[in-house]
Amino acid sequence: MADHDDSVLYEVSDGLATITINRPDAMNAMDTAAKVALRDVLQSAGADTAVRAVLLTAAGGRAFCVGQDLKEHLSNLSEVRASGGGNALSTVREHYNPIVRALTEMPKPVVAGVNGAAAGAGFGFALACDYRVAADTASFNTSFAAVALTADSGVSWTLPRLIGHSRAADLLLFPRSISAQDAHDLGIVNKLVPAAELVAEATAVARALADGPTVAYAALKESLAYGAGHTLGEALEKEDELQTRAGASQDHGIAVQAFLDKDRSPKYVGR
């Protein structure tokens with residue numbers, strides 16, 4: 001992994017990688033350095049066999065991530081217009097797409113600990129995670145249309161799959177902040193907790209997943225993604241393939257033996 005500044009922090013402890021977006025003074029908006037750092041640490045976490053789960057969170061209490069750093073973006077727009085060429089939004093292909101793919105395709109579960117405002121690409125990052133724990137003070141906003149842009153960071157794919165086409169269209173066409181409670185009621189947030197308990201609860205959820213059957217979790221992620229775009233017959237074939245893989249894991253043998261021994265706390269090895 002390349003060296004980066006401290007705009008994104010990365011720590012691994014006993015199989016759990018904690019990734020913290022660390023630009024609290026800028027509402028954890030993503031400038032180029034932060035996007036490169038987040039992309040790289042996510043790819044590193046995905047490839048590291050010592051990592052069995054990931055917690056994605058952010059510093060400070062105001063924001064999880066409010067998306068693109070608009071000050072930097074305005075400067076990029078000015079440079080493109082002055083030069084008469086280029087693409088001020090090449091960051092979608094170079095940064096946001098790889099970030100979302102790293103989150104969704106990682107063969108291990110990812111938990112978002114949403115501590116504050118999640119807007120634009122920041123909302124997309126949270127949606128790309130497998131499980132969302134949110135502080136009761138958090139909020140969510142698609143934001144794109146408010147700056148005359150369309151959806152990116154996978155929101156056009158993830159949001160309607162969570163809440164349906166009609167509700168997703170409403171939030172995209174009429175961007176506004178919705179409360180953590182409303183997001184929970186819609187099914188965007190899996191678990192809602194008091195703000196003071198967010199770090200402990202999100203860490204506990206991620207820790208439980210890091211201690212779980214990693215091969216099975218990877219197969220579950222793959223089957224959910226596959227099933228979203230294939231027929232029932234194709235999904236059944238994929239389930240057969242993935243079940244064969246999970247059934248050959250050491251953790252499956254450990255789980256079966258623990259069940260027979262009435263052991264409610266099997267010690268999985270992640271293989």
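The model is a predicted one. S177 sits in the loop that runs between α6 (165-173) and β9 (178-179). When neighbours within four places in sequence are left aside, the contacts of S177 are with S139, F140 and N141. With N141 there is also a polar contact, formed between the side chain of S177 and the side chain of N141 at 3.4 Å.

T20 belongs to strand β2, which covers residues 16-21. Its relative accessibility is 15%, so T20 counts as buried, given that the class requires a value under 20%. Not counting residues up to four places away in sequence, T20 touches S7, V8 and L9 as well as T57, A58 and A59.

The loop between β2 and α1 (32-47) contains M27, and N28 is placed in the loop between β2 and α1 as well. M27 is not a glycine, yet its phi is positive, at about 55°. For N28, likewise a residue other than glycine, phi is positive and near 55°. In terms of accessibility, M27 is partly exposed, with a relative accessible area of 24%, whereas N28 is buried, with a relative accessible area of 0%.

At the level of the whole chain, 11 helices and 10 strands are assigned. The radius of gyration is 19 Å, close to the 18 Å given by the globule rule for 271 residues, and the chain is therefore as compact as a globular protein of that length. The C-alpha trace spans about 70 × 40 × 35 Å along the principal axes of the chain. Buried residues make up 43% of the 271 residues. Of the contacts between residues at least 6 apart in sequence, 69% join residues at least 24 apart.

The accessible surface of the chain amounts to about 13500 Å², and carbon and sulfur atoms account for 54% of that surface. The chain carries 23 positive and 32 negative charges, and the mean positions of the two sets are 2 Å apart.

Methods: Residues numbered from 1 in each chain as written. Predicted model: local features only at pLDDT ≥ 70, side-chain atom pairs only at ≥ 80, totals over all residues. Heavy atoms only, no water. Helix = DSSP H or I, 4+ residues; strand = E, 2+ residues; numbered from the N terminus. Rg over C-alpha atoms; globule rule 2.2 N^0.38 Å. Buried < 20%, exposed > 50% of the residue type's maximum accessible area, 1.4 Å probe, protein only. Contact = heavy atoms within 4.5 Å. Areas by Shrake-Rupley, 256 points an atom, 1.4 Å probe, with all protein chains shown as cover. Lys, Arg positive; Asp, Glu negative; His and termini not counted. Charge placed at Lys NZ, Arg CZ, Asp CG, Glu CD. Polar contact = N/O pair within 3.5 Å; in protein donor to acceptor, adjacent residues only side chain to side chain.
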